Amino acid sequence: MGALLTLSVLMVQGGVRDLLDGPPLGSGASAYLSFGTTIIGGGLLAGCLALVMNRLR
């Protein structure tokens with residue numbers, strides 16, 4: 001679960017950085033891929049945090 005949590009944080013962090021800096025010029029599909037990894041990373045992060053909170057309760 002720790003590896004999945006780390007992966008999700010890295011996916012969100014990389015996607016947010018790409019959204020702020022903008023996609024590389026000439027790569028329209030890369031912007032969609034970056035945004036998709038941000039959404040998937042956010043879902044993984046929320047799922048992992050829900051599991052952690054469930055175990056703490």
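Leaving aside its neighbours within four places in sequence, which residues is glycine 41 in contact with? I will come to that after some background.

This is a predicted model, where local features need pLDDT of at least 70, side-chain atom pairs count only at pLDDT 80 or more, and totals for chains, interfaces and linings use all residues. Residues are numbered from 1 along each chain as its sequence is written, and side-chain values use heavy atoms, with hydrogens and water left out.

The chain has two helices and zero strands; both are DSSP runs numbered from the N terminus, with helices being H or I of at least four residues and strands E of at least two. Of the 57 residues in the chain, 14% are buried, meaning under 20% relative accessible area with a 1.4 Å probe, protein chains only. The accessible surface comes to about 4,200 Å², and 72% of that belongs to carbon and sulfur atoms. Those areas come from the Shrake-Rupley method with a 1.4 Å probe.

Now to glycine 41. It is found in helix 2, residues 28-56. Glycine 41 counts as buried because its relative accessibility is 0%. Back to the opening question: apart from neighbours within four places in sequence, glycine 41 is in contact with Ser8, Met11 and Val12, where contact means heavy atoms within 4.5 Å. Its C-alpha atom is separated by 7.7 Å from that of leucine 10, 31 residues apart along the chain.

Threonine 38 also has its place in helix 2. Its relative accessibility is 12%, so threonine 38 counts as buried. Between the C-alpha atoms of threonine 38 and serine 8 the separation is 8.6 Å, and these two residues are 30 residues apart along the chain.

Key
Buried < 20%, exposed > 50% of the residue type's maximum accessible area, 1.4 Å probe, protein only.
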